[in-house]
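Reader: Can you walk me through this one? Keep it brisk, please.
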Amino acid sequence: DSISASSISMTSQEGYILGGMSGDNGIYSSSILKTDSSGNELWQKKYNTLGFEVIYSVKEIKRRGGYVFCGRADTALFGYSNRAMYKVTDINGNIINQKFYRPGEEQNRFYSVSNTSDGGFIFAGIAGIEINGGYGYLIKTDSLGNTILRIKEAEENNNKDFLVYQNFPNPFNSSTNIIYQLKRSSNVSISIYNILGYFHIL
């Protein structure tokens with residue numbers, strides 16, 4: 001099957017790993033495709049499902065090899081319930097661990113995955129599209145994909161105690177601007193982490 005890719009990353013073997021979906025007739029499975037440095041296919045893995053599953057982000061696992069990817073699943077296996085999903089595989093794409101989450105009513109998905117400095121992963125996405133908008137959703141795992149921490153944002157703008165806007169410039173080196181609003185005057189503490197999970201002192 002051909003793959004409709006939505007993510008590509010360079011691997012340590014000077015090749016590429018692509019993630020997306022493949023299928024037809026309304027049945028789409030998440031798929032990863034490994035290529036050499038010239039883009040020639042080395043292998044492809046299709047993760048069969050009974051509905052729809054797509055990968056939005058795929059990365060090579062830095063410390064031990066293998067791959068980690070995330071996206072969304074809407075399959076009969078879970079009653080077509082719009083779950084955010086991630087999978088951790090070995091170097092041949094065989095699943096070591098996989099998790100499915102449904103923190104919101106609809107449209108749950110992970111859009112991004114990153115390796116962290118402790119060998120684990122961070123998955124980020126949204127937890128439902130509801131009347132007041134979506135929620136930010138973040139999961140931190142260990143190196144095998146076992147959940148360590150889950151964070152679901154407070155309901156968007158519902159209490160309006162504070163607002164934090166996108167920093168600029170982003171990405172940045174030595175400085176950036178972070179704009180926020182408070183309902184009342186208060187002491188504020190801001191912590192910044194880089195993409196590898198390292199804390200930056202302010």
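Author: Let's start with a definition. A salt bridge here is a side-chain nitrogen of Lys or Arg within 4 Å of a carboxyl oxygen of Asp or Glu.

Reader: How many salt bridges does the structure hold?
Author: It holds 3 salt bridges. This is a predicted model, where local features need pLDDT of at least 70, side-chain atom pairs count only at pLDDT 80 or more, and totals for chains, interfaces and linings use all residues. Residues are numbered from 1 along each chain as its sequence is written, and side-chain values use heavy atoms, with hydrogens and water left out.

Reader: Which side chain does Lys-87 meet?
Author: Lys-87 meets Glu-53 in a salt bridge, at 3.3 Å from N to O. Lys-87 sits in strand β7 and Glu-53 in strand β5 (residues 51-60), so the pair ties together parts 34 residues apart in sequence. Strands are DSSP runs of E, at least two residues, and helices are runs of H or I, at least four, numbered from the N terminus.

Reader: Are Lys-87 and Glu-53 buried or exposed?
Author: Both Lys-87 and Glu-53 are buried. Buried means under 20% relative accessible area, exposed over 50%, and partly exposed in between, with a 1.4 Å probe and protein chains only.

Reader: What does Arg-72 pair with?
Author: The side chain of Arg-72 meets that of Asp-74 in a salt bridge, 3.9 Å from N to O. Arg-72 is buried, with a relative accessible area of 13%. Asp-74 is buried too, at 17%.

Reader: And which residue forms a salt bridge with Asp-118?
Author: Lys-140 does, with the closest N and O atoms 3.1 Å apart. That pair links distant parts of the chain: Asp-118 is in the loop between β9 and β10 (121-130), Lys-140 is in strand β11 (residues 133-141), and they are 22 residues apart.

Reader: Why does Asp-118 count as partly exposed?
Author: Because its relative accessibility is 47%. Lys-140 is buried, with a relative accessible area of 16%.

Reader: Switching topic. How many helices and strands?
Author: The protein has 0 helices and 16 strands. Buried residues make up 36% of its 202 residues.

Reader: Aromatics next. How many pairs?
Author: The count comes to 12 aromatic pairs. Rings of Phe, Tyr and Trp (its six-membered ring) pair if their centres lie within 6.5 Å; planes under 30 degrees apart are stacked, over 60 edge-to-face, and the rest tilted. Tyr-86 and Tyr-101 form a stacked pair, 6.0 Å centre to centre with 25° between the planes. The pair links distant parts of the chain, with Tyr-86 in strand β7 (residues 83-89) and Tyr-101 in strand β8 (residues 95-101), 15 residues apart. Both Tyr-86 and Tyr-101 are buried.

Reader: How do Phe-121 and Phe-123 pair, stacked or tilted?
Author: Tilted: 6.3 Å centre to centre, with 55° between the planes. Both Phe-121 and Phe-123 are buried.

Reader: Which residues form the aromatic cluster?
Author: Tyr-86, Tyr-101, Phe-110, Phe-121, Phe-123 and Tyr-137 form one cluster.

Reader: Where is Phe-110 found?
Author: Phe-110 is in strand β9. It is buried, with a relative accessible area of 0%. Leaving aside neighbours within four places in sequence, its contacts include Tyr-56, Cys-70, Met-85 and Ile-139. Phe-110 and Ala-84 are 26 residues apart in sequence, yet 5.5 Å apart in space, C-alpha to C-alpha.

Reader: Which strand holds Asn-108?
Author: Asn-108 lies in strand β9 (residues 108-115). At 0% relative accessibility, Asn-108 counts as buried. A polar atom of its side chain lies 2.8 Å from the backbone oxygen of Asn-82. Leaving aside neighbours within four places in sequence, Asn-108 is in contact with residues including Arg-72, Tyr-101 and Ile-126.

Reader: Last one, the surface. Which residues make the nonpolar patch?
Author: Ile-178, Tyr-180, Leu-182, Val-188 and Ile-190 make a patch of about 370 Å². Patches are made of residues with over 30% relative accessible area and no salt bridge: like charges are joined within 9 Å, nonpolar side chains (Val, Leu, Ile, Met, Phe, Trp, Tyr) within 5 Å. Leu-182 is in strand β14 (residues 180-182), and counts as partly exposed at 36% relative accessibility.

Terms used:
Areas by Shrake-Rupley, 256 points an atom, 1.4 Å probe, with all protein chains shown as cover. Polar contact = N/O pair within 3.5 Å; in protein donor to acceptor, adjacent residues only side chain to side chain. Contact = heavy atoms within 4.5 Å.
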